[in-house]
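Reader: Could you put the model up so that we can go through a few points together?

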Amino acid sequence: MQKYDVKENLEIIKMYQHLRVTDVRDGMDWMGYHHYGTVHHSIRPLFRPETSVIGIARTGRYVPYEGPVPMVIGEEYTKWSAMYYREICTDKWSEDIQTGDFICLDICGLDVGLLGSNNTLAGVKKGAVGFLTNGGGIRDTDECILQKINVWSKHVSQPMDQARIRYIEKDCPVGIGGVAIWPGDLIIADGDGVIVVPRKMTEDVARYAWQEASADKVSRKKMYVDLGMKLDHTVK
């Protein structure tokens with residue numbers, strides 16, 4: 001897959017700073033993408049409020065593990081588990097994380113905690129701004145919330161990876177919430193969910209998203225004034 005320059009990625013992200021998911025949804029409509037881009041509403045943010053992230057898609061794909069599972073426990077299980085993470089459930093997508101990346105992992109809807117408080121924090125340390133999965137995919141949620149890890153997932157999962165999930169590939173197209181996500185696409189996520197903008201459409205969609213967002217700000221600012229409400233960042 002094509003590799004994208006970090007500077008170019010950050011320029012695209014900058015175009016969308018302070019836009020809401022709903023503004024971007026409008027911009028997509030203005031460009032004829034009425035039935036594309038919105039990730040299914042079952043995929044929700046891990047925490048609210050003030051959860052708003054814009055980033056560039058970095059993808060990975062997993063499938064269910066087919067077995068067999070050895071009948072081992074205790075120290076033998078510790079050895080088998082180490083092999084599992086070394087050879088079967090790897091996280092090669094994490095090796096290439098760049099500043100501004102939004103990690104998008106297709107885990108086939110599995111109830112498995114592929115992401116947790118440790119590996120998400122490691123991703124953030126490398127520059128990741130958020131994580132998106134189409135299953136559970138997230139555990140250690142109290143710590144993730146404390147660490148302000150921005151995650152959108154279908155549900156929370158207790159189970160570890162062993163005997164449940166197998167890594168397949170990275171930097172590939174993935175399907176999450178009914179939307180095809182290609183590496184380099186733009187991901188916008190907030191309390192209203194997630195929307196995907198194809199990279200080739202980012203400039204045009206941003207133009208019309210700002211058109212609608214600006215009109216909204218002007219209208220609401222007037223009502224703030226009329227109602228004697230203190231102006232906040234959403235209307236300035």
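Reader: What does Arg139 count as, by relative accessibility?
Author: Arg139 has 22% relative accessibility and therefore counts as partly exposed (buried is under 20% relative accessible area, exposed over 50%, partly exposed in between, with a 1.4 Å probe and protein chains only). This is a predicted model, in which local features need pLDDT of at least 70 and side-chain atom pairs count only at pLDDT 80 or more, while totals for chains, interfaces and linings use all residues. Residues are numbered from 1 along each chain as its sequence is written, and side-chain values use heavy atoms, with hydrogens and water left out.

Reader: Which side chain does Arg139 meet in a salt bridge?
Author: The partner is Asp140, with an N to O distance of 3.8 Å (a salt bridge needs a side-chain nitrogen of Lys or Arg within 4 Å of a carboxyl oxygen of Asp or Glu). Asp140 is at 31% relative accessibility, so this residue too is partly exposed.

Reader: How many salt bridges does the count come to?
Author: The count is 16 salt bridges. One of them joins Arg166 to Glu66, where the closest N and O atoms are 2.8 Å apart.

Reader: And where in the chain do Arg166 and Glu66 sit?
Author: They come from distant parts of the chain, 100 residues apart: Arg166 is in strand β6 (residues 165-170), and Glu66 is in the loop between β2 and α3 (74-87). Helices (H or I, at least four residues) and strands (E, at least two) are DSSP runs, numbered from the N terminus. Glu66 counts as exposed because its relative accessibility is 58%, whereas Arg166, at 22%, counts as partly exposed.

Reader: What about Lys222 and Asp226, how many residues apart are they?
Author: Lys222 and Asp226 are four residues apart in helix α6, which is about one turn of the helix. Their side chains form a salt bridge at 3.1 Å, N to O, and both residues are exposed.

Reader: Which residues are linked in a network of salt bridges?
Author: That network links Arg20, Asp23, Asp216 and Arg220.

Reader: Changing topic, what volume does the largest pocket have?
Author: The largest pocket has about 640 Å³. On a 1 Å grid over the protein atoms alone, a pocket is an open set of points where a 1.4 Å probe fits, with protein on both sides within 12 Å along at least five of seven lines, and lining residues have an atom within 4 Å of a point. Of the 23 residues in its lining, Arg20, Ser52, Asp190, His233 and Thr234 are the closest to the centre.

Reader: Which elements give two or more residues to that lining?
Author: They are α2 (21-30), β2 (53-64) and α6 (202-227), and α6 provides the largest share, with four residues. By class, the lining has five nonpolar, eight polar and 10 charged residues.

Reader: And the second largest pocket, how much space lies in it?
Author: About 200 Å³ lies there. The pocket is lined by 16 residues, of which Tyr85, Gly113, Leu114, Asn119 and Asp161 are the closest to its centre. Helix α4 (residues 117-126) gives the largest share of this lining, three residues, and the classes are six nonpolar, six polar and four charged.

Reader: Back to α6 for a moment, what does Leu227 count as?
Author: Leu227, whose place is in helix α6, counts as exposed because its relative accessibility is 62%.

Terms used
Points joined across faces, edges and corners; volume = space filled by probe spheres on them. Nonpolar A, V, L, I, M, F, W, Y, C, P; charged D, E, K, R; others polar.
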